Amino acid sequence: MTGILEYSFMQNAFLAAVLVSVACGLVGTYVVIKRIVFISGGISHAAFGGIGLGYFLGINPIMAAIPFSILSSLIMGITSKKVKISEDTAIGILWSFGMAIGIIFINLTPGYVPDLMSYLFGSILTVPVNDIIIMFLLDLIIIITVLLFYREFQGISFDEEFSQVIGMPTTYIYLLLLSMVALSVVVMIKVVGVILVIALLTIPAAIAKQYTYKIGHMMVLAVILGIILTIGGLFVSYIFNLASGATIVLVLSLGFICSSVIQKLRNAL
Amino acid sequence: MVVNAVEINDVCVKFNKHPVLQDINLSIEINDFLAIIGPNGGGKSTLLKIILGLVTVDQGEVKIFGEDPGNPSNPIGYLPQHVSFDPDFPINVFETVLSGRYHGFFKKYSDEDRIKVTDALREVGMLEMQDRQMSQLSGGQMQRVFIARAIVREPKLLLLDEPMASIDPEMQNSFYNLLLKLRERMAIVLVSHDVGAVSSHVENIACLNRKLYYHGAVEYAAASLEKMYKCPIDLLSHGIPHRVLKKH
Ligand SMILES: Nc1ncnc2c1ncn2[C@@H]1O[C@H](COP(=O)(O)OP(=O)(O)OP(=O)(O)O)[C@@H](O)[C@H]1O
Ligand SMILES: [Mg+2]
């Protein structure tokens with residue numbers, strides 16, 4: 001078991017697990033408390049359009065996914081605020097539209113498309129150093145933004161109308177928050193894939209929420225839980241030779257179930 | 001010349017082409033203590049939201065201390081009629097009130113802010129619960145916290161949308177006393193259905209049901225108000241006593 005640490009790809013995998021957990025702890029906390037799980041799901045699937053675009057242009061798909069998912073998060077945010085169609089309809093449309101764009105771009109890309117499955121379902125064991133660096137930089141942006149806009153993010157999550165009254169530009173702050181969701185989606189794509197990103201974005205924060213009533217504590221706890229559960233999933237997938245992304249999500253889900261049961265028992269006593 | 005706290009001229013508001021407020025003219029002076037009464041759906045909350053800049057008017061002009069509504073520097077404190085938040089939201093009483101001291105981007109809360117929060121919590125009788133999580137409060141306790149959040153800004157104009165809903169009689173009394181203290185420093189507008197209680201405390205009354213049927217001193221309205229209480233909905237929604245009420 002300890003032997004696996006020696007492989008450099010395992011070291012990358014651990015680094016990836018930590019980087020992913022930082023994003024899911026910080027941004028996931030807002031996703032859970034502001035109840036924007038569905039729009040986050042939309043953003044993560046739409047990001048596949050960026051992946052396709054990257055293949056088509058012959059650049060790193062992760063790089064292409066950054067502007068693409070930010071753009072789609074802004075479109076979803078603005079549509080859900082300003083256009084008189086129901087929010088979940090707008091999200092549903094953009095969700096599938098982004099994926100369709102990705103598929104068309106990949107269709108148009110001549111020749112063999114390598115690693116396509118890793119973007120769809122994740123592959124934590126094959127995250128290249130380049131992507132680790134990108135993930136690190138995105139994490140840095142997320143941390144700084146959350147520190148700078150902590151009050152504003154808390155305000156619009158708790159009571160948007162009052163926040164507007166006391167002078168917060170709530171729509172812009174909401175769009176900034178959605179951009180952070182977009183960035184954390186990009187951080188997570190390589191680890192669990194666009195389809196399963198939403199699990200990482202919600203589960204650690206949802207577990208943390210059961211144990212604390214402070215946003216800051218919730219973030220720290222979610223980061224720690226994220227690290228434990230993703231690395232746990234990584235080991236399980238390594239031992240049983242299972243798809244890593246899916247195994248990580250299974251471990252996360254199991255973690256959530258266990259925690260909920262523990263909470264129920266604690267309350268019952 | 002002293003600028004009025006609120007100046008509303010010929011304002012109309014429509015929701016889905018349906019007029020909700022019509023031909024509203026209303027000025028609120030900087031030391032006014034005004035109660036807005038009217039039936040459900042009469043447009044009281046909408047009127048407050050116009051002043052706050054949350055609802056834009058279809059016609060007419062609104063000025064708040066000479067500025068456009070929605071200007072972040074407008075010194076307004078606000079108690080919404082309903083605050084819809086996730087009951088499990090990770091925030092405690094102190095933090096909730098502290099958010100009322102928000103100064104703008106990158107400006108941290110100071111020690112002074114925290115002192116003001118403590119003062120406001122004491123005034124609404126919630127100081128000993130300052131560390132409680134919001135979801136662990138009763139409806140009336142929550143209402144008190146939101147009242148504290150409105151006054152902690154030390155606004156020049158305080159808008160309270162049904163502040164007495166779910167507040168017990170004892171607290172109502174001390175809350176009216178608090179308002180009497182506050183009104184030396186600010187204009188206060190409160191929406192209420194309990195016209196009897198309100199009229200013995202406030203200075204002016206506005207009766208609103210799509211149109212503004214009356215706006216003036218309580219004494220002056222007393223006779224007509226007394227009549228209205230017997231069948232308030234009738235009087236307000238059918239507008240029979242227009243003759244009795246001074247047309248604004
Ligand atoms: N966002 C909205 N969209 C459409 N119609 C609205 C909206 N908000 C309010 N209305 C309508 O405007 C009218 C006035 O509503 P408002 O909330 O101002 O009444 P109110 O006097 O505060 O009533 P209550 O005593 O029940 O609080 C109502 O008929 C309501 O249906
Ligand atoms: Mg109302």
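**Entry 1: the model.** I am working from a predicted model.

**Entry 2: the sheet.** I looked up the strand order in chain B. Three strands make an open sheet, ordered 2-1-4, with antiparallel pairing. Strand 2 (18-28) and strand 4 (59-64) of chain B are the edges, each pairing on one side only. On average, neighbouring strands of this sheet are turned by 25° against each other, direction ignored.

I then checked how strand 1 (residues 6-15) of chain B meets strand 4 of chain B. They run antiparallel and are joined by five bridges. I noted one pairing: B:E7 has B:K63 in strand 4 of chain B as its bridge partner.

**Entry 3: the helix on the sheet.** Helix 1 (residues 44-52) of chain B lies across strands 1, 2 and 4 of chain B. Its angle to strand 1 of chain B is about 120°.

**Entry 4: the interface.** I counted the contacts next. On chain B, 34 residues are in contact with 26 residues of chain A. The two chains bury about 2700 Å² between them, and carbon and sulfur atoms give 63% of that. In chain B, the residues losing the most area to chain A are B:F89, B:P90 and B:Y102, together 24% of what that side buries.

Entry 5: I found four salt bridges across the interface of chain B and chain A. One of them links A:E161 with B:K49, with the closest N and O atoms 3.5 Å apart.

Entry 6: Helix 1, helix 2 (93-98) and helix 4 (139-151) of chain B are the elements giving two or more residues to the side that touches chain A. By class, I list 15 nonpolar, 11 polar and eight charged residues on that side.

Notes. Residues are numbered from 1 along each chain as its sequence is written. Chains are lettered from A and ligands numbered from 1 in the order in which they are written. This is a predicted model: local features need pLDDT of at least 70, side-chain atom pairs count only at pLDDT 80 or more; totals for chains, interfaces and linings use all residues. Side-chain values use heavy atoms; hydrogens and water are left out. Two strands pair if DSSP finds at least two bridges between them. Helices (H or I, at least four residues) and strands (E, at least two) are DSSP runs, numbered from the N terminus. Axes are lines fitted to C-alpha atoms, for helices over the stretch in contact, and angles run from 0 to 180 degrees between N-to-C directions. Contact means heavy atoms within 4.5 Å. Buried area is the accessible area (1.4 Å probe) that two parts lose on being put together, summed over both. A salt bridge is a side-chain nitrogen of Lys or Arg within 4 Å of a carboxyl oxygen of Asp or Glu. Ala, Val, Leu, Ile, Met, Phe, Trp, Tyr, Cys and Pro count as nonpolar, Asp, Glu, Lys and Arg as charged, and the others, Gly among them, as polar.
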